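Morning, everyone. Here is the structure for today. Take a look, and then I'll walk you through a few spots.

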Amino acid sequence: MAEPKTKQHDGSVKDFIHSFADTEQKQKDSFELIKLFQEWTGFEPKMWGPSIIGFGVYHYKSERSKQEGDWPLVGFSPRKAAISLYVKAPQGSVPEQENLLKELGKYKMGKGCIYVKKLSDINTSVLQKMVETSVEFLKKNYLIK
């Protein structure tokens, strides 16, 4: 079985944002997201792989394959094209999230994340509900570390 490539490490979140977030706005939004995610989850930000800032850890085992590993409960990455938000529970597992997406604001949906150009494009109260419902689902269904 292949070892997961994206793992938590002790890299500096602050240094990462200053070197990776390519605009002043993206840096400002990243530091605001850190503050919000910490408040909403109760977890400190940690680096995952080269470009994801995660909060909390859960252990997953795939039912369809032999893959398993650790992953952040929620997280984000200030990528060049957009900020990637990793806040959505697995498809169909939290039906309430589909309704929340309708109220979120301006975003694009990826396979496993939500893309936003800037934080002011979305409703952070709705984002908070997305984070909270995902964390609640993961705590009920997975081993939290």
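**A buried serine, a helix and some salt bridges**

Let's start with Ser84. Its contacts, leaving aside residues up to four places away in sequence, are Gly75, Phe76, Ser77, Arg79, Cys113, Ile114 and Tyr115. Keep in mind that this is a predicted model. Ser84 sits in strand β7, residues 83–86. Is Ser84 buried or exposed? Buried: its relative accessible area is 1%, and the cut-off for buried is under 20%.

Next, helix α3, residues 96–104. Its buried residues include Gln97, Leu100, Leu101 and Leu104. Those four span an arc of only 110° around the axis, so they lie on the same side of α3. What covers them? Just past the helix, Gly105 has a positive phi of about 120°.

Now the salt bridges. How many does the structure hold? There are 6.

One joins Asp70 and Lys145, with the closest N and O atoms 3.0 Å apart. Asp70 is in strand β5 and Lys145 is in the segment after β10, so this pair ties together parts 75 residues apart in sequence. Asp70 is partly exposed, at 25%. Lys145 is exposed, at 53%.

Another pairs Glu98 with Lys88, at 2.9 Å, N to O. Glu98 belongs to α3 and Lys88 to the loop between β7 and α3, so the bridge links parts 10 residues apart in sequence. Lys88 counts as buried, at 18%. Glu98 is partly exposed, at 32%.

The last one is Lys140 with Glu136, at 3.5 Å. They sit 4 residues apart in helix α4, separated by about one helical turn.

Key: Residues numbered from 1 in each chain as written. Predicted model: local features only at pLDDT ≥ 70, side-chain atom pairs only at ≥ 80, totals over all residues. Heavy atoms only, no water. Helix = DSSP H or I, 4+ residues; strand = E, 2+ residues; numbered from the N terminus. Buried < 20%, exposed > 50% of the residue type's maximum accessible area, 1.4 Å probe, protein only. Contact = heavy atoms within 4.5 Å. Arc of directions from axis to C-beta. Salt bridge = Lys/Arg side-chain N within 4 Å of Asp/Glu carboxyl O.
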